[in-house]
Each structure stands twice: as C-alpha cells, then as structure tokens.
Amino acid sequence: MAEKFQPLSVSKLGDNYDVVIIGSGGTGLAAAIQANELGMKVAVVEKEEELGGNTNRASSGMNAAETNVQLQHGVIDNVADFYHETYKDGGRLNDKDMLGYFVYHTAPAIDWLADHDIKLDDITVTGGMSKKRTHRPASMAPIGGFLVQSLLGVVAKENIPVFNNAKVTKLLRATDGRINGVEVQSGDLTKTVHAKAVILATGGFGASKEYIERFRPDLKDYKTTNQPGATGDGLKLAENVGAELMQMNLVQVHPTVQQDNPHVYLIGEAVRGEGAILVNARGERFINELNTRKIVSNAITALPEHSAYLIFDQGIRDRAKAIEFYDKVGLVVHGDTIEDLAKNLKMDPATLKATVDTWNQAVESHDDTEFHRTTGMDRGITKPGFFAIHIAPAIHYTMGGIHITPKTQVLDGNGDIIKGLFAAGEVAGGLHGNNRVGGNSIAETIVFGRQAGQQVTLYARNLR
C-alpha cells in the first residue's frame with residue numbers, strides 16, 4: 001500500500017467547486033474520481049477525522065455477476081439470476097428500477113476498479129446467493145480497508161482535494177430552489193462553499209440512537225457494528241430541504257457480531273461462505289448458515305441464550321484472512337481437536353463432535369439433509385486446529401434512506417426532483433428491500449458512486 005493519504009484542513013477549502021461530495025466512504029470516493037475524470041472540479045468533505053466511513057468495516061467483498069473474474073474461476077453466472085435472488089432476498093420490496101440498474105452495472109464496476117489497478121481477483125459466496133459473486137482481492141484481505149486505501153491512492157494521484165473534520169451543517173439553496181452549495185463547520189470555523197451540485201454520500205444511520213428510536217424503537221438497546229459517525233447526518237440535511245425518506249423502518253441486524261467486549265466486531269459473512277457452521281450453546285446446528293441475514297439473525301435471537309458460536313478449522317481460516325485480525329484481538333477460542341474445542345467452550349465434546357461429523361458427511365455428499373444448505377460447502381471442518389467465535393446479532397445496515405431515482409437524483413414528497421442534489425450509497429433507500437445481501441453494499445458504493453459522478457457531470461454541464 002502507498003503511504004497514508006493526508007487529508008486537508010478546512011482552512012484550505014475553496015469558495016467554488018463544480019461538485020461538493022459529502023462523505024469519504026466508497027461511494028464518495030468513487031463519485032469524486034468519476035466526476036473528476038469527466039472534467040469536474042471536485043471537493044470531498046468528511047466530518048470525521050478518519051476517512052472511509054463504514055466502508056472501512058466491510059469484510060466480505062463486492063458482489064457482481066457475469067464478470068471475467070468469475071469465468072476465470074469456472075463460475076458461469078447470469079445477471080438475471082442476480083436480480084431475481086436479490087429481489088427475493090429483499091422481500092420483493094426493492095425498487096425494481098434501482099435494482100435493475102444495479103445488477104447490470106456490477107460487472108462494469110469491477111472492470112472500472114481494475115482499470116484503476118484495484119483488482120478483485122478472488123471470489124467467495126454470501127448468504128442468499130446461489131453462485132460465487134462476492135469479489136475480493138487475491139490476498140483475501142477484508143474488502144473495506146483495501147478498497148478505501150486503494151481509492152485514496154487514485155484520489156492522491158488525481159489531486160482530488162479531500163477535507164476531514166469538515167461537517168456540513170446546511171445545504172444552500174438558490175432562489176429557484178436548486179441546491180447550490182454547502183455550509184461547512186470545522187471547530188470555530190464556518191465556511192460557505194458554492195457548487196453547481198452536491199452529492200450526499202454520508203452513509204446510514206446505524207449508529208444514531210435518535211433515528212433508531214424514531215423508526216425502530218424495538219432495536220434501541222441493540223449494539224451496532226457501525227462506526228460512530230454513522231448518525232444519519234445526510235438524512236437530516238436532505239429532510240431540511242424537503243427530500244422524502246423511504247423504508248426507514250427497514251434496519252438490518254447482522255447475525256454474526258462479536259460483542260463480549262466494549263468494542264463490537266463484525267465477523268464477516270466470508271467466514272461462513274468459506275465453510276464455517278453455526279452451533280448453539282449445546283453444540284448443535286440450528287439453521288442454514290447461509291440463509292439471508294434476516295432469517296439467520298432471527299434464528300439466533302430465538303435461541304435461549306440469544307447467541308451462538310461460529311465453528312471452523314485451519315482450512316477455512318486460511319481462506320478468510322480477517323480471522324487473523326479477530327484472533328489478534330482475542331476473539332477466537334482454540335482447540336487442537338474438536339473435543340478439545342468443545343471443552344474450552346464448556347460444551348459436551350461428544351455433541352459437538354457428532355455435529356461436525358454430520359456436517360463433514362454433508363459436505364462430502366453435497367447434501368445437507370438437516371438444513372438444506374447448498375453453498376459454502378467447498379471444504380469440511382477437518383484440518384487442525386479448530387476454532388470458535390462467540391457471536392450475536394447487532395444493528396448493521398439501514399436499508400431505508402433518501403428516496404432517489406436510479407440516476408441518484410433526490411426526490412421530494414411529491415416525487416419531484418430536487419435539482420442540484422444527488423445521493424448514493426447507504427444514505428439512499430430502496431435498493432435492498434427489507435434485507436441487504438452481504439457483498440451488495442460495497443457493490444452499491446461503486447455502482448451508484450460512479451452513477452452519481454456521471455449524473456452530476458451531465459447536470460453541471462447543462463448549467464453552463
């Protein structure tokens with residue numbers, strides 16, 4: 001990786017840009033690169049000190065269908081299947097136009113990243129998908145940090161200015177109703193910046209007590225996997241200029257989150273995608289581990305202890321590099337044998353051994369008669385050592401958000417476009433329905449980040 005990217009202070013922020021992009025996660029950075037390459041003068045402003053937002057925390061990969069990478073791995077896929085599976089997994093509540101645009105632009109998004117020397121050459125599978133669509137780096141490194149650092153490398157090369165500790169407190173409006181700038185605050189400094197257009201790429205509201213209590217009071221005591229800045233600021237900015245919010249009650253709870261310590265750690269779906277199983281406190285399986293997040297989370301919550309254990313071996317560990325980090329921070333329980341692991345988990349060794357043996361037979365025969373799992377069965381749990389991570393569900397992703405068109409234009413309550421305002425990524429609602437599939441959010445950041453960069457360019461050119 002290149003040396004650490006150095007953001008600028010707000011004192012260096014100019015008075016005028018073609019486009020101001022709020023948020024420095026995958027969506028904001030992709031939008032900035034795309035708009036800049038189309039000739040726009042761009043600025044990215046980020047309220048936190050650290051760049052990258054929630055994208056930094058993504059671990060599994062980026063879903064795409066009909067890619068050359070899939071073919072290189074012998075996977076024959078088709079976009080229509082990707083559409084139908086995502087639509088079904090979203091409870092058929094997905095915005096069909098957005099979903100259609102999304103699935104057909106995932107393969108070009110993989111190519112666009114590769115054109116910028118950001119290569120996602122390995123593939124795995126996540127819950128709710130019938131094929132290996134989840135693209136990740138060949139190193140199998142967690143996608144989030146890899147993507148943010150790689151995009152920042154492109155941003156540095158293209159001299160795109162990124163400002164941190166820069167909180168947008170207000171969207172500016174011209175007399176004709178167009179959005180034409182922002183007010184930015186940093187410490188005691190407040191600055192007015194004019195722009196032809198603004199892109200909201202501010203992420204979701206998974207760390208906002210206020211929004212969770214307003215729309216999902218039943219989840220108000222749940223922990224969250226989100227970074228502390230995911231407080232729905234973009235939603236407030238949009239609401240203040242009349243934007244419509246949609247599906248705000250649709251909040252995803254991720255099934256596998258280690259939360260025994262003050263710091264909450266998401267255990268990525270790739271661990272199950274590479275072959276891990278879930279067992280209850282007695283050491284028994286209780287669910288198809290690669291069902292949708294909603295179904296798996298509900299099954300864990302229904303257990304008497306409301307938590308479960310991921311069980312895996314060295315072979316799976318070798319295929320999911322994030323486990324090295326989980327182990328380093330003390331989340332992984334070890335055992336030389338399955339019985340040994342069971343003792344360390346205070347389970348009956350015979351029960352856990354029988355569970356793992358039954359699973360290994362299912363992998364061997366490609367037939368999981370117990371729970372009908374069909375994916376993530378490339379390898380059994382056979383290679384010493386053996387490991388477990390204690391997990392429970394936590395707030396992970398907010399499917400609802402600002403109502404937009406597939407062109408990322410923001411809509412008001414009448415369905416009219418608010419000119420000059422665009423939104424993409426988790427801040428926007430509609431794409432995922434009532435359940436986001438693992439790997440689709442990173443794909444969304446690139447697909448709709450690029451789309452926002454293109455659409456804002458068309459809009460700004462027409463103002464000239």
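Reader: Which residues do ring pairs link into a cluster here?

Author: Ring pairs tie Phe 205, Tyr 211 and Phe 215 together. For the cut-off, rings of Phe, Tyr and Trp (its six-membered ring) pair if their centres lie within 6.5 Å; planes under 30 degrees apart count as stacked, over 60 as edge-to-face and the rest as tilted. Before going on, bear in mind that this is a predicted model, where local features need pLDDT of at least 70, side-chain atom pairs count only at pLDDT 80 or more, and totals for chains, interfaces and linings use all residues. Residues are numbered from 1 along each chain as its sequence is written, and side-chain values use heavy atoms, with hydrogens and water left out.

Reader: How many aromatic pairs does the structure hold, and how do I describe one?

Author: You describe a pair of rings by the distance of the centres and the angle of the planes. There are nine aromatic pairs in this structure. One of them joins Tyr 101 and Phe 448, and that pair is tilted, with 5.6 Å from centre to centre and 40 degrees between the planes. It links distant parts of the chain: Tyr 101 belongs to helix α4 (residues 96-104) and Phe 448 to helix α15 (residues 440-463), 347 residues apart. Helices (H or I, at least four residues) and strands (E, at least two) are DSSP runs, numbered from the N terminus.

Reader: Are Tyr 101 and Phe 448 buried or exposed?

Author: Both Tyr 101 and Phe 448 are buried. The term buried means under 20% relative accessible area, exposed means over 50%, and partly exposed is in between (1.4 Å probe, protein chains only). Now take Phe 325 and Tyr 326, an edge-to-face pair with 6.4 Å between centres and 65 degrees between planes. Phe 325 counts as partly exposed because its relative accessibility is 40%, while Tyr 326 is buried at 4%.

Reader: Which rings have a charged Arg end sitting over them?

Author: The rule is that NZ of Lys or CZ of Arg must be within 6 Å of the ring centre and within 35 degrees of the ring normal. The charged end of Arg 317 sits over the ring of Phe 387, 4.8 Å from the centre. Likewise, the charged end of Arg 436 sits over the ring of Tyr 397, at 4.2 Å from its centre.

Reader: Phe 387 makes me curious about strands. Which residue is the bridge partner of Phe 312 in β16?

Author: Strands of a sheet pair through backbone hydrogen bonds, either parallel or antiparallel. Here two strands count as paired if DSSP finds at least two bridges between them. The partner of Phe 312 is Phe 387, and His 334 also stands opposite Phe 387 in β16. Strand β14 (residues 308-313) is joined to β16 by six bridges, running antiparallel. Strand β15 (residues 333-335) pairs with β16 over three bridges, again in the antiparallel sense. Then there's strand β11 (residues 251-258), antiparallel to β16 with five bridges; its His 254 has Ala 394 as bridge partner.

Reader: Why is β16 largely enclosed by the rest of the structure?

Author: In strand β16 (residues 386-398), 12 of the 13 residues are buried, so the strand is largely enclosed by the rest of the structure.

Reader: What is the strand order in the open sheet of three strands?

Author: The order is β3-β5-β4, with antiparallel pairing. The edge strands, each pairing on one side only, are β3 (62-63) and β4 (122-124). Two bridges connect β3 with strand β5 (residues 134-136), and Met 62 has His 135 as its bridge partner in β5.

Reader: Where is Asn 435, and what does its side chain reach?

Author: Asn 435 lies in the loop between β19 (417-423) and α15, and it is buried with a relative accessible area of 3%. A polar contact is a pair of N or O atoms within 3.5 Å; within protein, one must be able to donate a hydrogen and the other to accept it, and residues adjacent in sequence count only if both atoms are side-chain atoms. The Asn 435 side chain reaches the backbone nitrogen of Lys 294 at 3.2 Å. A polar atom of that side chain also lies 3.4 Å from the backbone oxygen of Asp 89.
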